[in-house]
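Please read them with the structure open.

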Amino acid sequence: MAFWFLFILLLGLATYLMVQRSVAHITRTPVWLLWLVLMTPAFLLSGWTLIYGTKQSPPPYLILWSVFVCTVLYWVLFQWGRQVPRDTQTEAQTQASESQPTIQPTPEPIVRPIEPTEETQLRNCFPWSIYYVQNIEYRPQSVICRGQLRTKASNAYQQIKTNIEAQFGDRFLLIFQEGFNGKPFFVLVPNTQAAKQTDTPRRNQERLTRPGLALMLLAATLITTTLVGVENAGVTLPLIWDIGSLFKLLSNPDVLFKGLPYALGLMAILGTHELGHYLTAKFYKIRSTLPYFIPVPFFLGTFGAFIQMRSPIPNRKALFDISIAGPIAGFVVTLPLLIWGLAHSEIVSLTEKTQLLNLHALNPKYSILLAILSKLALGSHLTAKSALDLHPVAVAGFLGLVVTALNLMPVGQLDGGHIVHAMFGQRTAIVIGQIARVLLLLLSLVRQEFLVWAIILLFMPLIDEPALNDVTELDNKRDVWGLLAIALLIIIILPLPQAIANFLQI
């Protein structure tokens, strides 16, 4: 019970930060009100658990109706407080505003917009044999050029980008998008990032990297994950504010060594995941921060790690490579750690208390991939009536699978959302994201462990920030890798079918 309410507390904090970061600058509706609407289904579920306990499940209609009502209410409140008046929001303006790169909330330098006398120069940047301009729309923060594409998208973007730079220098970022009508159009937005780099390039670069902060967070996370690992090993820790007793206990190397396998395994997985993103971003010359860990002295010992990219992504190829590099790199490290940890885990009897999140009595059949790896590691010792008491390294590996699956969900700004966006385009990615959210919600009716995550995804925006050239499609090799990533997600989250279980004799 205490663990459940701690989880709700952490979920509330994560939801508040997500709302503040994603929509606070778009709507005037107070962040706390949007957060309250998002958290209402979780609060109802907590109230039911508090009154009736964990043995009595809440009626499905209570959760479904609360999710439906809160979804509608959230949309109404969000639209009610939109910064831009509704009558001036067209499809092009909305897409153009979403196309601007994310920049820190510092005072932006003044960038001179297109003047009426410069329209002839602008039209000359679009040769009729490449892209025939039919209409130019002037917006407060963008210029939208609509017309007919008459050559390959990649060639058109590169040629027009060269022409724009020749005429206007680095005043603008050129964005190439596909409208909801299927026709591609160009958008010019002020290049505020270039202006900032011109003003104080050295200071900005130093502020961007911050290696001292990254090392400090790395050390702090090593400590917190070691504490959690010690507690998972069965050692009772003093209260966090009892500094004297805690220091005395942790001064014993034997106690620390009990927590290090979990800590090092989990940090290796999370660090490699973010390092995959970071190195790929550097390969494409995209300005990004170093990987930063988030330490917490409870739960898993960390809320993960993250990087921030401070310059736009050039094309869908770069978007795909950066997005898939993290989950693949993390999974490459997860796989050997999990197999070794499973081989050193203990086999216990399968009971009614055996659940997905019970790491001392884990039913491997809750996941296709976990079941296969467990059988590979334990062989004939694993039977249909067996559960697993996971070794600390296996716990880290199992959490690595969970992290990989969550990041590969094809929704919004998750890695999986970026991947399907790069593969199929923005319009199709929105449809795939909506289908994925509904399927996960239906799955949560059978597997209650997915309910909280299904609720989070339900309120996560489906629209992903586009690349500068968001029209040129991927090659076949990347499409295959994308399909393999989706297949990996499926075999992680789906339970083991009985036919395969009979074949594996588990």
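This is a predicted model: local features need pLDDT of at least 70, side-chain atom pairs count only at pLDDT 80 or more; totals for chains, interfaces and linings use all residues.

The points below go through a sheet, the nonpolar cores and the aromatic pairs.

1. Sheet order. Four strands form an open sheet with antiparallel pairing, in the order E1-E2-E4-E3. At the edges are strand E1 (131-139) and strand E3 (172-178), each of which pairs on one side only. On average, neighbouring strands of this sheet are turned by 20° against each other, direction ignored.

2. The E1 and E2 pair. Strand E2 covers residues 142-149 and runs antiparallel to E1, with eight bridges joining the two. Within this pairing, asparagine 135 stands opposite arginine 146 in E2. Arginine 146 also lies over the face of phenylalanine 185, at 4.8 Å from the ring centre.

3. Helix on the sheet. Helix H6, residues 153-168, lies across E1, E2, E3 and strand E4 (184-190). The helix runs at about 155° to E3.

4. Nonpolar cores. Which residues have the most contacts inside the largest nonpolar core? They are Leu390, Met409, Leu440 and Leu457, in a core of 67 residues. Leaving aside neighbours within four places in sequence, leucine 440 is in contact with Met409, Phe450, Trp453, Ala454 and Leu457. As general background, nonpolar side chains in soluble globular proteins tend to be buried together.

5. Aromatic pairs: Phe126 and Phe186. There are eight aromatic pairs in the structure. In one of them, the ring centres of phenylalanine 126 and phenylalanine 186 are 5.4 Å apart and the planes are at 70°, so the pair is edge-to-face. Phenylalanine 126 lies in the loop between helix H5 (119-124) and E1, whereas phenylalanine 186 is in strand E4; the pair therefore ties together parts that are 60 residues apart in sequence. Both phenylalanine 126 and phenylalanine 186 are buried.

6. Aromatic pairs: Tyr131 and Phe186. The ring of phenylalanine 186 also pairs with that of tyrosine 131: the centres are 4.9 Å apart and the planes at 85°, so this pair is edge-to-face. Because tyrosine 131 lies in strand E1 and phenylalanine 186 in strand E4, the pair ties together parts that are 55 residues apart in sequence. Tyrosine 131 is buried, as is phenylalanine 186.

7. Ring cluster. Which residues do ring pairs link into a cluster? The cluster consists of Phe126, Tyr131, Tyr157, Phe176 and Phe186.

Technical notes: Residues are numbered from 1 along each chain as its sequence is written. Side-chain values use heavy atoms; hydrogens and water are left out. Two strands pair if DSSP finds at least two bridges between them. Axes are lines fitted to C-alpha atoms, for helices over the stretch in contact, and angles run from 0 to 180 degrees between N-to-C directions. Contact means heavy atoms within 4.5 Å. A nonpolar core is a set of buried Ala, Val, Leu, Ile, Met, Phe, Trp, Tyr and Cys residues joined through side-chain atoms within 4.5 Å. Buried means under 20% relative accessible area, exposed over 50%, partly exposed in between (1.4 Å probe, protein chains only). Rings of Phe, Tyr and Trp (its six-membered ring) pair if their centres lie within 6.5 Å; planes under 30 degrees apart count as stacked, over 60 as edge-to-face and the rest as tilted. A charge sits over a ring if NZ of Lys or CZ of Arg is within 6 Å of the ring centre and within 35 degrees of the ring normal.
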